[in-house]
Amino acid sequence: MGDRFRDKVVIVTGGSRGLGRAISIGFAAEGASVVVASRKAQSCQAVVDTIEAAGGTAIAVATHMGRLEDIDNLIEASYAAFGRVDILVNNAGINVAFGPLSDIAPAAFDKMIDVNLKGPWYLSSRIAPRMGEHGGGAIINFLSVAALSTPAFSGIYAATKAALKALTEVGAQEWAQWNIRVNALAPGSYHSDLTDGAIEAIPGYGEGMVNAALIPRVAETEEILNPVFYLADEAYTTGITLVADGGLMAKR
Ligand SMILES: NC(=O)c1ccc[n+]([C@@H]2O[C@H](COP(=O)([O-])OP(=O)(O)OC[C@H]3O[C@@H](n4cnc5c(N)ncnc54)[C@H](OP(=O)(O)O)[C@@H]3O)[C@@H](O)[C@H]2O)c1
């Protein structure tokens, strides 16, 4: 076990699968106490079991990021277990609104806003003053290159992530007084349930992603973990969007 994040308490939303799971396990392996939050209690508990088996510390808190009462409960459970929160990783995000803007149902739009934008805003804004009481901390919001490249047929996803970028910059300004750094991470493509499912289901999808980047492959989750650690650490960095996209934006 490393000790880069010893004595730190980290909340990871969407911490049960894909990159979120790797982030949860990665922070625990560096000495942090981790709160694993996603909708399914059992999936969160499986990650906690893995962390504990390796000698780490974690709790599972079932949390739907589209339900404010769940988010209140997540905050209370985290403080009840560990007394403080130092790092919040707003990783949970969905895309249930693929397709042309004219075809998107209002209910899908609302769900995207709730999970990708309103939930991270509510969680961050309610936890920031409490982080401040314990000397500050770091908030990391997961965007996507879609927030910057605004591709057709992913418009609602791109819009929620672009709006979260705006809130990242506002949060950085408003919470600097409490020694809280607020940054965003915009990954390109990396292996996850979401990505691997799309590669399998949609002909040409994987090839398209590989061809779009200067580094011609889909990233491994570990390659996204290092940028997360950088933003979580005592970096002289706030209000930015760190892009980890294999050169996708540069190639456009
Ligand atoms: N994969 C990529 O290539 C890629 C690229 C750019 C950006 N991103 C962004 O990176 C983040 C993680 O993506 P991923 O691909 O790792 O996702 P993923 O493999 O689909 O995993 C999603 C995680 O979020 C949880 N989750 C889903 N809906 C939730 C909700 N309403 N409330 C709370 N938790 C929820 C899931 O667990 P439960 O089912 O138990 O809730 C799971 O732990 C997202 O913000 C995504 O937009 C991904």
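Guide: Gladly! Let us begin with the conventions for angles: axes are lines fitted to C-alpha atoms, for helices over the stretch in contact, and angles run from 0 to 180 degrees between N-to-C directions. Helices (H or I, at least four residues) and strands (E, at least two) are DSSP runs, numbered from the N terminus. This is a predicted model, in which local features need pLDDT of at least 70 and side-chain atom pairs count only at pLDDT 80 or more, while totals for chains, interfaces and linings use all residues. Residues are numbered from 1 along each chain as its sequence is written, and side-chain values use heavy atoms, with hydrogens and water left out.

Now to helix α4 (residues 106-133), which packs with helix α6 (residues 155-175) at an angle of about 10°, the axes lying 9 Å apart. Angles under 35 degrees count as roughly parallel, over 145 as roughly antiparallel, 65 to 115 as roughly perpendicular and the rest as oblique; α4 and α6 are therefore roughly parallel to each other.

Seven strands form an open sheet, ordered β3-β2-β1-β4-β5-β6-β7, with parallel pairing; two strands pair if DSSP finds at least two bridges between them. β3 (57-62) and β7 (241-244) stand at the edges with a single partner strand each, so one side of each has no neighbour in the sheet. From one strand to the next, the twist averages 15°. Strand β2 (residues 33-38) runs parallel to β3 and is joined to β3 by six bridges, and Ser-38 stands opposite Ala-62 in β3.

Helix α2 (residues 41-53) lies across β2 and β3, running at about 180° to β3. α4 also packs on the sheet, where α4 touches β1 (9-13), β4 (87-90), β5 (137-142) and β6 (180-187), and its direction makes about 175° with that of β4.

α2 has a helix partner as well: helix α1 (residues 18-29) packs with α2 at about 25°, with axes 10 Å apart. α1 and α2 are therefore roughly parallel to each other, and their crossing is right-handed. Arg-21, Ser-24, Ile-25 and Ala-28 of α1 make the contact with Val-47, Thr-50 and Ile-51 of α2. Those residues divide into four nonpolar, two polar and one charged.

The axes of helix α7 (residues 193-201) and helix α8 (residues 205-212) come within 7 Å and cross at roughly 120°. Thr-195, Ala-198 and Ile-199 in α7 meet Tyr-205, Gly-206 and Met-209 in α8, a contact of four nonpolar, two polar and no charged residues.

Notes. Contact means heavy atoms within 4.5 Å. A crossing is left-handed if the near helix is turned anticlockwise from the far one by less than a right angle, and right-handed if clockwise. Ala, Val, Leu, Ile, Met, Phe, Trp, Tyr, Cys and Pro count as nonpolar, Asp, Glu, Lys and Arg as charged, and the others, Gly among them, as polar.
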